[in-house]
Number of protein chains: 2
Amino acid sequence: MGINYKKELETAAKSMILVRQPDVLIKMIVRTIVQKVKVSHAGILLHNIDRDSYILTVSRGALGLKIPPGFARLDSDNSLIRFFRKHKDKQIFKDGALVYEEAKKCLSKNIPAATKQLLKKALYQMEIFEAVVCIPSYFRQDLLGILLLGKKKNGRKFGRDELDFFIALASDVAMAIRNARLFRELEIELDKKYHLFIHTTVALTAAIDAKDRYTHGHTARVTNLALTIAKRLGQKDRKVFDEKFLEHLRIASLLHDIGKIGIPESILNKQGALTEEEQHKMEEHTLMGVNILQPIKELEDSILGVKYHHEKYDGSGYPEGLKGNQIPLIASIIAVADTFDAMITDRSYRRGLSKDEVVEEIKRVSGKQLNPQVASAFIELCQEGKI
Amino acid sequence: MGINYKKELETAAKSMILVRQPDVLIKMIVRTIVQKVKVSHAGILLHNIDRDSYILTVSRGALGLKIPPGFARLDSDNSLIRFFRKHKDKQIFKDGALVYEEAKKCLSKNIPAATKQLLKKALYQMEIFEAVVCIPSYFRQDLLGILLLGKKKNGRKFGRDELDFFIALASDVAMAIRNARLFRELEIELDKKYHLFIHTTVALTAAIDAKDRYTHGHTARVTNLALTIAKRLGQKDRKVFDEKFLEHLRIASLLHDIGKIGIPESILNKQGALTEEEQHKMEEHTLMGVNILQPIKELEDSILGVKYHHEKYDGSGYPEGLKGNQIPLIASIIAVADTFDAMITDRSYRRGLSKDEVVEEIKRVSGKQLNPQVASAFIELCQEGKI
């Protein structure tokens, strides 16, 4: 026979490192069986959780010897599936393999009538697949898949050592599937939690926006704009503007005005100019935002954007009067987006500027009020019609 | 020799399903080596990422033959580690195993001086461990661990087949470690995202609380109280009050008054009784909360708590006048917690009640205003001094 069990299994096991792509392992296993063991054809039915059915995932063999594609899916009420789901105890198919010829002999023996009938139907199903051996893969109580084997090309029966080898491979399959599922579940869960966080923050900040009659939708617009600018800057320097930076920027933009929750409505909604005292109160929103978010360790990087988005490049901003590159980049980007949105939207006391007027204004204050690199990325985007 | 490679590997591979506990697999592998291959002692050094050192995780063998615990940790500048990190190409230790005797012969051969010196030091390290064979486990470029083997008990050399077997096992170890690390990373990430969500929601709702001078800290107190009540109810019915329910309740409690963001400060902070119109406006906070949160699919179950926490058991509540068991349990729990906190805290127009007075009042309105089962769980907790 000459299977080098050790080598084969070693190779199979190595592929398990491809834990996210169990299909690769499964295909390799079926290929190995057909080529090395010289089986006419082989296939694997894998469980699909969503539809509780078993799908023919791999089918190999000479032309005309593959399992016909018409049988590509078995529902959970199929007799072969029902047989393996019921008979996990392996009393009928000794040691993990259901061998057609031996099982056929069982039919004349003294086994319960219900078992006999189900076995009969299962064997008929094997005939349709032209399978002489079926090997189930379980994880705990769940039937994860079935390995289907055609005849050996030399016409002989499968030996015990060969069956044992297949059973070991089927067990690898079960593990690979199980691991991949665990990973996928965790990844989906991770995605859900992130979206829950982002969506809830969006909803709450939109509600806070809605309190200030001038800033309806402001937060969402600033967030989109800031991300667009950062992505443009990232075309020049991927290292600084990486995925992590974009994530911090998204969160910082969403929360940049969160401190306004602490500003009295009478100031937020005042018609006309604010008194010096009111202006001073209004400016406190940056540090109020910091106070609200400070306890959240994971927001450390984003808080810089909240704190410093009213600093100016020439040092005339607040709360600390930082200058030039002292101002964190995350804050400089929000500042440009915030300035643009403030200028272009209507206020009760003035109409919003046109886009051309805003671009002129941004050009004028670039290097004074705004970080010139960020402003120039913004102007580029405007001129290309992307904002 | 009579190692049943197939069986051993099959067993090893099966254990890989214990993907979260690679230690179990690793211990099993070392035990197998010592028992079946009759090696005097064996151990595994595993990489510890945090400190970039290699820790002796398992050490087996007869008393006095184990690797001394004093050598339980090798830093990354240890010559054995440096040797395997540098010589991933396996030119010196052919086919994946560094065999002491053969490597010793290499020292007299024509190899680069630097390699010779490092090998010399590495072999000295092996002498300290009384190891005659070392087998490294890699994942891509990373040295994940080293398997250390003592002499065979019968005094003979290791055969090629035995070394191959160990190499296959070492490769299983690498995979198990790698998979476990991937899982752990995902789980940590998941935990972080969940905490980010909860902490941000806590911070934002606390900030909203702060706007209403009467409800400072209200949200946090109601959330704790609601969870305490649900856990008590869960002692009687684990199925209804499961982890998922508690998660929805936590979120619903945090967000139950979120709609107050849309209520004018003049109403929120009014001294004395509200006019009918103001009262009506105030009651809108439940549906305003729903409007804010509605777009967030993941909050579907929690929104029921936000929407219905002012319904009353006798049907006299708002917004829909639901009765009895029509009111979702999540809302009934928040209602009890909310009522308790409102009664016990001071208002500008009255002092808060004492805890005894509150319990009497809750008893009085149980079955009228409040769900009697929830109220009785609450009263129990109060009487036990747990609230």
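Start with chain A as a whole: residues 24 or more positions apart account for 60% of its contacts with a separation of 6 or more. Keep in mind that this is a predicted model. Colour chain A by secondary structure and you get 15 helices and 6 strands. Of its 387 residues, 40% count as buried.

**Stop 1: the sheet**

Select the strands of chain A. As background, strands of a sheet pair through backbone hydrogen bonds, either parallel or antiparallel.

Now zoom in on residues 133-139 and 142-149 of chain A. These are strands β5 and β6; they run antiparallel and are joined by 7 bridges. Click A:Cys134. Which residue of β6(A) stands opposite A:Cys134? It is A:Leu148.

**Stop 2: the helix across the sheet**

**Stop 3: helix α7 and its neighbour**

Select residues 218-234 of chain A, helix α7.

Which residues of α7(A) are buried? Show side chains for A:His218, A:Thr219, A:Val222, A:Thr223, A:Leu225, A:Ala226, A:Ile229, A:Ala230 and A:Leu233. To read a pattern like this, recall that an α-helix has 3.6 residues a turn, so residues three or four places apart point the same way.

Next, pick A:Leu246 in helix α8 (residues 243-255) of chain A. Is A:Leu246 buried or partly exposed? It is partly exposed, because 15 other C-beta atoms lie within 10 Å, and burial takes 20 or more. Not counting residues up to four places away in sequence, A:Leu246 touches A:Leu227, A:Ala230 and A:Phe241. One of these, A:Ala230, is also among the buried residues of α7(A). Check A:Leu227 too: its C-alpha atom is 6.7 Å from that of A:Leu246, although the two residues are 19 apart along the chain.

**Stop 4: backbone exceptions**

Most residues other than glycine have a negative phi, and most peptide bonds are trans. The next selections depart from that.

Go to A:Tyr318 and A:Pro319. A cis peptide bond joins them, with omega about 10 degrees. A:Pro319 sits in the loop between α12 (300-308) and α13 (329-344) of chain A. Then jump to chain B. The bond from B:Tyr318 to B:Pro319 is cis, with omega near 5 degrees. B:Pro319 is in the loop between α12 (300-308) and α13 (329-344) of chain B.

Return to chain A and select A:Asp52, in the loop between β1 (41-48) and β2. Its phi is positive, near 40 degrees. A:Asp52 is exposed, with 11 other C-beta atoms within 10 Å.

Finish on B:Glu130, in the loop between α5 (113-129) and β5 (133-139) of chain B. Here phi is near 50 degrees, again a positive value in a residue other than glycine. How many C-beta neighbours does B:Glu130 have inside 10 Å? There are 18, so B:Glu130 counts as partly exposed.

Conventions: Residues are numbered from 1 along each chain as its sequence is written. Chains are lettered from A and ligands numbered from 1 in the order in which they are written. This is a predicted model: local features need pLDDT of at least 70, side-chain atom pairs count only at pLDDT 80 or more; totals for chains, interfaces and linings use all residues. Helices (H or I, at least four residues) and strands (E, at least two) are DSSP runs, numbered from the N terminus. A residue is buried if 20 or more other C-beta atoms lie within 10 Å of its own, exposed if 12 or fewer, and partly exposed in between; C-beta atoms are placed from the backbone. Two residues are in contact if their C-beta atoms, placed from the backbone, lie within 7 Å. The expected span of a helix is 1.5 Å times one less than its number of residues. Two strands pair if DSSP finds at least two bridges between them.
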